Amino acid sequence: MKTFDYVRAASVEEAAEAYAARPGARYLGGGTNLVDLMKLGVERPAALVDLTRLPLDAVEELPDGSLRVGAMVRNSDLAALPAVRDRWPALSQAVLAGASGQLRNAATTGGNLLQRTRCPYFQDVTKPCNKREPGSGCGAREGVHRDHAVLGHSAQCVATHPSDMAVALAALDARVELYGVEGTREVAAADFHRLPGDRPDLDTEIRPGEIVTGVVLPASTAGRPSAYRKARDRASYAFALASVAAVVRVESGVVAQAGIAFGALAHRPWRARRAEGALVGAAPTDDAFEHAVDLELAAAEPLRDNAYKVPLARALALDVLTRLTASART
Amino acid sequence: MSGIRTVVGAPAERREGREKVTGAARYAAEQPGTDRAFAWPVPATVARGRVTGVDATAALALPGVLAVLTHDNAPRLAEPDDPTLAVLQNPEVPHRGWFVALVVAETPEDARAGAAAVRVTYATEPHDVTLTAAHPEAYVPEEANAGYPARTERGDPDRAFDSAAVRVDTAYRVPPLHNHPMEPHATTARWDGDRLTVHNSGQGATVVRDTLSALFEVPAERVTVVSEHVGGGFGSKGTPRPDVVLATMAARLTGRTVTLALPRRHLPAVVGHRAPTLHRLRLAAEPDGRLTSVTHEVTTHTSRVKEFVEQAATPARVMYAAPHLRTLHRVVALDVPSPSWMRAPGEAPGMYALESAMDELAGELGMDPVELRIVNEPDTEPDSGKPFSSRHLVECLREGAYRFGWAGRDPLPRSGREGPLLVGSGVAAATYPVQASPSTADARALPDGLFLVRVNATDIGTGARTVLAQIAADALGAPLDRIRIEVGSSDLPSAPLAGGSSGTASWGWSVHEACTRLAERLAGHSGPLPGEGMVARADTTGRADAVSPWARHAFGAHFAEVTVDTVTGEIRVRRLLGVYAAGRILNPRTARSQFVGGMTMGLGMALTEGSTMDAAFGDFTECDLASYHVPAHADVGAVEAHWVDENDPHLNPMGSKGIGEIGIVGTAAAIGNAVHHATGVRFRELPLTPDRVLPALLAR
Amino acid sequence: MWIRGPYGTSPLRKGIHDMGTDIHADGGLSRRHHSETTLQVNGKPHTLTLDHRRVLLDVLREDLDLCGAKKGCDHGQCGACTVLVDGRRVNSCLLLAVSLDGCEVTTVEGLTADGEELHPLQRAFLDRDAFQCGYCTPGQICSALGAISEAAEGHPSHVTDPSVPSGRPVPLSRDEIRERLSGNLCRCGAYPRIAEAVEDVVR
C-alpha cells in the first residue's frame, strides 16, 4: 500500500471539493473492501476523503411512504431497522446473508453498493485483468471461473458483483441518491451497476467524484411480500454461488406486481425483467413460475465450469416465488 | 501409573488457558523490541523459469525500507536437507509463489509497500501443473511419506478380483487442501554477535534450532529457538518453513531484530499443502461380505523441488482381512508448490477413498456397512502379519452404532425426507498409526517442595503442558499443583516435534522416566534438599524408537447424519459422532477437544474445502480465507467424541496412543456415505459443494 | 427513527478537519502521510502520530503492545482481529486508525478490568475448553461480547425467525450463536465448545 493523504470532510459539499482537488483520491466509507484492496495493491489512492462522519447516517420516513436510508448507515443497522424488516424484508435478509457480524458493523450502505468483484484475477495484481488494468486480458474466462458470470458477460470480463444487498435493492425498485459537483441525481438501483461490455473497469454508473448519499426504498414495494435466498459453499460467511431477491403481489388470483433480481450471475444484480413481464397478469402457478424463470435464464451463456449456476438460480427463484405466493395459491 | 489417586486421566484445565483467554499469551510475531524491523517477501510471478533481474531501486527509495534481499546479496547457506529452505540462493524459480526477494523495513506498512515496488524480471519456461492419472511422467517412487514402501502386494489381487462374486471398481478424487492454521507462519530473529535467538511458530523448536545451526553454520549451543505459544500447525509447521530462514538472514544482514509473519495469501505456495490424490479401488468379496481382494492405487503430485508422496494407500495395509492385497503409489513431479504434511497425511485421503468404496461394496452386497466392516476384522495386521498390540475397531463400531441410534436406520437410499431436505446417515472406520520418537527431559525437586519438569515439547494447542504435568505428577506421586512445567524452548532438553500424533507419547515417555528416576532418588534421600534441588534426567533413545513386534494403531468409527437441500444442493452435517480406541486417554478434557477438532477438519474436507491449481498461472486460486472455505461456526452442528477403554501394555509407560489426527480420518467418508444414503447419488470427488451436488440431484 | 450513530460519537471526538494540513511538519515524518490521532483504548487515552496506512490492529499490536487482537489474515476473512470500537465488534485489520480519531476501543485485554478477575466469557471459555491453540480466542471472545449486545438490542441474524417482532431482543439459541459467530474462524475446531461457552453466559 502506498502512502496517501487523508482528509475528513465536514459536509458532502466539502467532500466533493476535497476529492476534486486531489487527483487520485478515493472516498472512504466503512473501508471493508477499499482497505482490503489497498493492501492488495489493487486500489492505490493518492488521498482518501473520509465520509464516515458526514451526516449521512439518518433514516427518514418520506411523506409518500418511502424510506430514505443514509449512505453511512451501517449494514447491520440497516438490516435491523424495524421499518426495513417489516416492510422490505428481502433487504434485511439480503444484508444478513452477507459477510459477517463484524463486517456488517463497519460496512456502509453506500460502500456496499460500490464494493468490487471478488474475482481472484482482479484481486491479484500479478495477473491480467481488464477490470483492474484495461487491455491486460482476462485470466478468468479460460481460467478458474466456477464463481463467475453466466449472464451478460463480455469477451473482456466475466466477473460478478458480490453484493447481496444490491440484489435486494434492485428487485425492490430502490433508488440510489447521488451528489456531485454538478448537483444531485437519482439512479434506479437496478440500473446503478453496469454490464462489463468493453469497459469492465466501470462497475457502476457513478460519475467521477460523485458520492452516494443514500438509498430510497419506494412505497411501491413497501409491505409487499418479499424475500431473499442465497446458496453458498459454507453455511455462513461466504459469497453467493447464486441468489435471488423477489417481491410479488398477487391480486384477484393473478400476479399484479413482480420484482425479481438474481445475484452472483452477472456483473450487476440481474433484474429479471423478462420473467417479471411473463408473470404479471398470470396466475401464480408452478407452470407460470417455471415458464417465467426459464424465459429469463434462456439468455444464460455459462462458461466451461459454471453451468451449475443456471439450474441453481432457477431453483432458488422458483422456491422464493412459491413461498411468497403460498397464501394466494391455497 | 496405577495409583489410588492418579492425576493422569483427570480432566485438568489447560495450564496456559488464562494467558490465552486474556490475550497475554505471546506468539512468534509478538515479541516487543525497540529495534524491531519487519520483513515482507516477494513471490515469483511465473510458474517456471529463472530470475533474470531484480530492480530494488524504487523499493529502496521508499521511506523506511532498510534492505532488499535477493539471490545476489542474501547470506549463503549450507545446503539444507529440505530444499524448500534454500531460499534466495540461486535464480531458479521452481514454481509460482517461490520467494525471489525479501524487503526489510521499519514498519509492516513500509515493508509491504517496499515489496510491491520490487521489480523482478524472469526468463520463463513452459510449465505443467496438471495432475492426471494417466500422466506420462508418473512413476512409482521408492517410498512414500514416513518411509512406507510405495508398493506392497500379497497374493494375486487381479485374479482374485476377476473371479469374485461381488465386485466394486471405483475411483475417488481428493483436491489439494491447505492447513491454514489461524496463526500464519511467523518468525522473529535477532543476532547478538554470533548468538542467534529466534521466536518461531513451528511445531518443534529443537528441529528448528538444528536446522538453523546447520544452515548458518553456527554451533547449536549458540542458537535458541523459542516456540512458547503456537497458533496451530496441523503439519504445516512441522519442520522449519522459509519464514525462519528468511527472518534469520534478514536479521543478520540488517543487524536488526526482524519479524517476518507470512501474509496469508503466500501460505499455499510455501508452507506445504495436502497433495491432490486420485484413487482407484477394486474390492472383491464373497456373498457373505468377506473381502477376497483389495487393490488401492493412488496417483499424486509432488514439486520439482522435492519428492513428497502422500501415503494414501497405506491404510489398506492395516484395515481389513483380505488374502489378496495390492497397494501402490504413483507420483508426478510437476511445476507446483511442494506438498507436505497436513493432518493425517495418507490416512485422511486414503481412508476417504477406502471407506467410501467399502460403502459401495456394502450396497452391492445388500449388507449393513457396520456389519461389513465387522465381518472383515483381521486377526493380524494384513500387510505385515504382526499381531495387533490392541485393536478395538469392532467395539468402536458397535458403541458408535448404539450411541448414534444406527439400529433403526432404513438402509434404502433416499428414504429420509423432511420437506425439501433429504436426510441420510453414514458410517466409516478410522485408523492412525502409533508412533514415538526418542526424547530427553529432566525433572528437578526443589527445596520448597515444588518440582520443575523441563522438556522441549511444543504446545500447538494440544494441551501438551497440561498432560505432561499430569504424567509428571503421577510419576512423582505429587499433586498436580506442585508441578511446574517448562516447554517451548530449544534451551530445554531436546525433544521431537509435535507431529504424527506422537508428541505426548514421545515427550511423556521421557518425562515419565525422568520423574520416576527422581522419585527413586528422593526415596533414598533423607534430610533437606540442597539449594539447587535434586535433578534426574532421561533420554528414551533405544526404547521409544525400538522396533516393536506388535502392529500398533489407534482405531475409530465415525457416524454422520446429513441433510441435503434439494433446492440448492447445500449439505449440512446435523450430527457427527466418533468413537475411538486410542489407548489410555490421559486428559479427557483436552483429548475431546482434539478429537472434535479433527472431525471438524474432516467436515471441511468433505463439504467446504477445496483448492484449484490454475493451469495457466500455476498457483492455487483459492489462496485466502475468503475463497478457501474452512468450516465456519454455522457449518458445525452437534459433534460428539467418545472412546472405549483400552489397556495396551505394548505402547509406552502411559499406555497412550496418539489422538491428534485420527479425528479427521474417516470423517469425510462417513459424511460422503451419509450423502449417498440421503440422495442415492454416489459422489466421488470432494468437496461436496452445490455446484457438484445440485446438477447430480437434478440429473437423477 | 431508531438508529445508532457512526463511530466517533464519544466526547473525545475532534472537529472535522483536513488531517494533512494541520499537523506539525517536524519529526522527520511526512506531514501529508501522518496524522495525530487519539484513541481511547481500554479506558486509557493514547495520542499517536500515525502513518495513514496503519490499521487499528497494527496500532494495538505494534504501537501499544496489546497483542491480544491477532493477525490471522489481515483482510477481514478470519475474525481473529475482532475488537470493539465504540461498543461494536469490528475487524480491526480493515479499519484505518486515522479514521477512528476519538473512538473508544476495547480489546480482550480490557475485559479483565483489574487484571485479575476474568470476564464471564473468559471464564466460560476456560470451563468449556473452548479453544486449543488460542490464536482465534481473543477474537472469539470479543465477537461473542458484541454479538450478545447486538441480540439484546434487537439485531436479527440470518437465522432469526421472521416472526420475532422487529426491534425486540433476539433470544440466543444455539443456531443464533453459531450464525452470529461465523465471522470468527477456528481451525482447531473448537466451535461446539465455543457455542456452549457463550450459552453459559447468556443463560
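Biologist: How many residue pairs are in polar contact across the interface of domain 1 of chain C and domain 2 of chain C?
Modeller: A polar contact is a pair of N or O atoms within 3.5 Å, where within protein one must be able to donate a hydrogen and the other to accept it, and residues adjacent in sequence count only if both atoms are side-chain atoms. Across the interface of domain 1 of chain C and domain 2 of chain C the rule finds 8 such residue pairs, both residues being at pLDDT 80 or more.

Biologist: What should I keep in mind about the model and its numbering?
Modeller: This is a predicted model, in which local features need pLDDT of at least 70 and side-chain atom pairs count only at pLDDT 80 or more, while totals for chains, interfaces and linings use all residues. Residues are numbered from 1 along each chain as its sequence is written, chains are lettered from A and ligands numbered from 1 in the order in which they are written, and side-chain values use heavy atoms, with hydrogens and water left out.

Biologist: How is the size of an interface expressed?
Modeller: It is often given as the accessible area lost when the parts come together; here buried area is that loss, computed with a 1.4 Å probe and summed over both parts. Domain 1 and domain 2 of chain C bury about 1,500 Å² between them, 56% of it on carbon and sulfur atoms. Within domain 1 of chain C, Arg89(C), Val108(C) and Leu111(C) lose the most area to domain 2 of chain C, together 35% of what that side buries.

Biologist: Which residue forms a salt bridge with Arg89(C)?
Modeller: A salt bridge is a side-chain nitrogen of Lys or Arg within 4 Å of a carboxyl oxygen of Asp or Glu. Arg89(C) pairs in this way with Glu150(C), the closest N and O atoms being 2.8 Å apart, and the rule finds 1 salt bridge across this domain interface.

Biologist: How many residues does each chain bring to the contact of chain B and chain C?
Modeller: 61 residues of chain B are in contact with 54 residues of chain C, and the two chains bury about 4,500 Å² between them, 52% of it on carbon and sulfur atoms. In chain B, Val21(B), Met182(B) and His633(B) lose the most area to chain C, together 20% of what that side buries. The rule finds 10 salt bridges across this interface; the side chains of Asp74(C) and Arg112(B) meet in a salt bridge at 3.8 Å, N to O. Across the interface of chain B and chain C there are also 32 residue pairs in polar contact.

Biologist: What does the count give between chain A and chain C?
Modeller: Here the count is 4 salt bridges, and Asp101(C) forms a salt bridge with Arg8(A), the closest N and O atoms being 3.9 Å apart. The contact takes 53 residues from chain A and 57 residues from chain C, and about 4,500 Å² is buried between the two chains, 53% of it on carbon and sulfur atoms.

Biologist: Is His180(B) buried or exposed?
Modeller: Buried means under 20% relative accessible area, exposed over 50%, and partly exposed in between (1.4 Å probe, protein chains only). His180(B) has 4% relative accessibility and therefore counts as buried; its place is in the loop between β10 (166-174) and β11 (186-192) of chain B, and its phi is near 40 degrees, a positive value in a residue other than glycine.

Terms used:
Helix = DSSP H or I, 4+ residues; strand = E, 2+ residues; numbered from the N terminus. Contact = heavy atoms within 4.5 Å.
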